[in-house]
Amino acid sequence: MELDLAIRGGVVVTASDTVRCDVGIKDGRIAVLGERLKATREIDASGLLVMPGGIDSHVHIAQPSGPGVEMADDFASATASAAAGGNTMVLPFALQARGTSLRACVEDYRRKAENECYIDTAFHLIVSDPTPEVLGQELPALLKDGYTSFKVFMTYDDLVLNDRQLLDVFDVARREGALVMVHAEGYDAIRYMTERLEREGKTAPYYHAVSRPEIVEREATHRAISHAELVDVPMMIVHVSGREAMEQIRWAQSRGLKVYAETCPQYITLTAEDLQGPDMDMSGAKYVCSPPPRDTASQDAIWDGLRTGVFQTFSSDHCPFRYDSPAGKLNEKGRSSFRWVPNGIPGVETRLPILFSEGVAKGRISLNRFVELTSTNHAKLYGLYPRKGSIGIGFDADIVLWDPNRKETIRQEILHHGADYTPWEGFEVTGWPVMTLLRGEIVAENGRIVGDKGQGQILARGFSAYAPHPLI
Ligand code: DUC
Ligand code: ZN
Ligand code: ZN
């Protein structure tokens, strides 16, 4: 067979193996793993790791975020940023605004993404208005069209579902074989805390963290687990921030429940103190995200969960807003109270370097676990396996070449996102992506985007390997 491309001399790392071999690519897919492969084009990967491209299964792109507030990324800038950070696929959300059709929302997001993406994309849904029409017709039809996972919220005025609605949505997921993702923070407890803090004049960004303590996340996590157990449906708890919620998940897993969990870079590197800024000032808004980062003991707990298998995925929860902008963190109302500071931080480009550096380079997790947490499990959980998520015959040639020894300092000026800051300014890492290939074509090389907008496809997904369809 004449190969189109051979990646030669690197060390191939998958979730299970670490092997020195060449990778032969034909028609955008991996065709051969072998020694001394020849091809029309060759890439010298000596000294580099050859890993499946990162899959970030939790990002927000161009999502409406309240009156006058705008996300800092469109699909072009978000996917360029992701590619520069070693990713070959992202899974953003198509959010249903209340009172609107889920199908119309999805079509709207697709139009925004069409011909704009540098890497592959597939949408999760967000269900905010589970009407009989949505539950009975729209959701089942969309699941059949390849939108096989959806997120529900237990907080936020415009998104929160009550317990009965959660049960009804879980029931559709069970019947249809979808994977349901849950934002587990309790709405009423947060409202109570927010109003109490505001009454006391505690309105600085730091109080965002005080308004949603671990108890609030633990309670909602337990409630979501109980509902999922009652309905008998698999569930993914996203963006787990610390020990308390994690202990609920570990307990559920130890009882054999199909409860999966995700954590994010902010929960191993940031703390609530970051929200204080140098002087309890507005700069703390740069770190406002939900759930908020906790403390160093929580970080240790999260590492324990990453090591021991409580967590299946490590995602960025990229949710970018500009800091110094009336449409971002410093919007007029945001200056008056933490309640109005948009929740979310940028991170799609820095996810892999942070986990590699803090995890692999510091000896906390193995290389194979790194691949599993950043790529393979995302593909398996969200119905993309065995097309994505590993280096093996027949997989898409979505590959990152990684220099495990390169030292970098994360700085806003080297990143490609649309935000005007990074929460990790000055953070030093060991290990950096040097080349990202999508279906065998180079998209990013040494921090330069060399691919084309539209090179990425919008993919339909199969059912999750972790949420088997009841009829299979
Ligand atoms: N939940 C997310 O998943 N991302 C940003 C904000 C939020 O509440
Ligand atoms: Zn969320
Ligand atoms: Zn999110």
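Okay, hi everyone. This structure holds 35 salt bridges, and by salt bridge I mean a side-chain nitrogen of Lys or Arg within 4 Å of a carboxyl oxygen of Asp or Glu. Quick housekeeping: this is a predicted model, where local features need pLDDT of at least 70 and side-chain atom pairs count only at pLDDT 80 or more, while totals for chains, interfaces and linings use all residues. Residues are numbered from 1 along each chain as its sequence is written, chains are lettered from A and ligands numbered from 1 in the order in which they are written, and side-chain values use heavy atoms, with hydrogens and water left out.

Let's start with Arg-223 and Asp-163. They form a salt bridge whose closest N and O atoms are 2.7 Å apart. Arg-223 sits in helix H7 (residues 214-231) and Asp-163 in helix H4 (residues 163-176), so this pair ties together parts that are 60 residues apart in sequence. Helices (H or I, at least four residues) and strands (E, at least two) are DSSP runs, by the way, numbered from the N terminus. Asp-163 is partly exposed, at 30% relative accessibility. For that scale, buried is under 20% relative accessible area, exposed is over 50%, and partly exposed is in between, using a 1.4 Å probe and protein chains only.

Staying in helix H4, how far apart are Asp-171 and Arg-174 along it? They are three residues apart, which puts about one helical turn between them. Their side chains meet in a salt bridge at 3.0 Å, N to O. Asp-171 is partly exposed at 25%, and Arg-174 is partly exposed at 35%.

Now Arg-387 and Asp-396. Their closest N and O atoms are 3.1 Å apart, and that's a salt bridge too. Here Arg-387 is partly exposed at 36%, whereas Asp-396 is buried at 7%. Through shared partners, salt bridges join Asp-120, Arg-387, Lys-388, Asp-396, Asp-398 and Arg-439 into one network.

On to the metal. Which residues are the protein donors of the zinc ion (ligand 2)? They're Lys-151 through NZ, His-183 through ND1 and His-239 through NE2, lying 2.1 to 2.2 Å from the ion. Donors here are N, O and S atoms within 2.8 Å of the metal (3.2 Å for Na, K and Ca), and water is not among the atoms, so sites may look incomplete. Along the chain, the donors follow the spacing K-x31-H-x55-H. Lys-151 is in strand E12 (residues 149-153) and His-183 in strand E13 (residues 179-183), so that pair ties together parts 32 residues apart in sequence. Lys-151 is buried, at 1% relative accessibility, and His-183 is buried at 1%. Finally, the zinc ion (ligand 3) is 4.1 Å from the zinc ion (ligand 2).
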